[in-house]
Amino acid sequence: MLLRLAEPRDAMDVARVHVRSWQAGYRGLLPDEYLDQLRAEDRAGRYDFSLREPDKPYTLVAVEKDRIRGFATTMPARDADTHGGGELAALYVDPDDWGRGIGAALVIAARARLVECGLSEAILWMLAGNARAMRFYERDGWAADGAQKTEPIWGITVQSQRYRRRL
């Protein structure tokens with residue numbers, strides 16, 4: 001498996017992973033009719049992998065056999081109380097590849113990227129009730145810090161909880 005920086009030509013493949021991950025991972029947490037109508041074609045245009053500034057999102061993709069299997073996006077933390085920390089803004093693996101270590105490789109690389117940026121702490125937001133994600137991140141040393149929020153994402157209002165980790 002190769003981890004590399006996402007390129008503009010990767011947008012549709014990343015969108016496919018993103019949508020398939022939502023449809024499988026959030027089943028039972030979000031309405032089925034909402035998940036069933038998600039389309040990669042609608043999502044792909046929202047990615048801009050041409051930006052290379054330190055204060056912009058930075059996306060790594062996991063590629064195996066010429067296919068993107070997962071991705072992780074880091075950026076400066078957006079929350080006012082994070083004091084210049086970093087954020088793991090997204091980490092998704094195609095459901096067909098769950099349990100193969102791709103997510104673990106991506107989260108390690110994402111943390112390394114944040115350290116390269118001179119950061120010593122990071123946050124992430126996850127859908128409340130997502131037990132699979134909680135187990136994954138807790139195994140990697142992340143812990144809930146008590147912050148919660150309700151916000152619209154992809155046209156649906158979700159409740160999220162924040163996790164934090166020293167880098």
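1. Helix α1 covers residues 11-25 of this predicted model. The expected span of a helix is 1.5 Å times one less than its number of residues. For the 15 residues of α1 that gives 21 Å, and the end C-alpha atoms are 21 Å apart, which agrees. Helices are DSSP runs of H or I with at least four residues, strands are runs of E with at least two, and numbering starts at the N terminus.

2. Which residues of α1 are buried? They are Ala11, Val14, Ala15, Val17, His18, Val19, Ser21, Trp22 and Gln23. Buried means under 20% relative accessible area (1.4 Å probe, protein chains only). The cover over these residues includes helices α2 (32-36) and α3 (40-44). Strands β2 (58-64), β3 (67-76), β4 (86-93) and β6 (143-153) are also among the elements that cover them.

3. The protein chain holds 5 helices and 7 strands. Their order from the N terminus is β-α-α-α-β-β-β-α-β-α-β-β.

4. Why does the radius of gyration fit a compact globule? The rule, 2.2 Å times the number of residues to the power 0.38, puts a globule of 167 residues near 15 Å, and the chain has 15 Å over its C-alpha atoms. Those atoms fill a box of roughly 40 × 30 × 30 Å along the principal axes.

5. Of the 167 residues, 47% are buried. Among contacts (heavy atoms within 4.5 Å) with a separation of 6 or more, 64% join residues 24 or more positions apart.

6. On provenance: residues are numbered from 1 along each chain as its sequence is written. Local features need pLDDT of at least 70, side-chain atom pairs count only at pLDDT 80 or more, and totals for chains, interfaces and linings use all residues, while side-chain values use heavy atoms, without hydrogens and water.

Definitions and conventions: Buried < 20%, exposed > 50% of the residue type's maximum accessible area, 1.4 Å probe, protein only.
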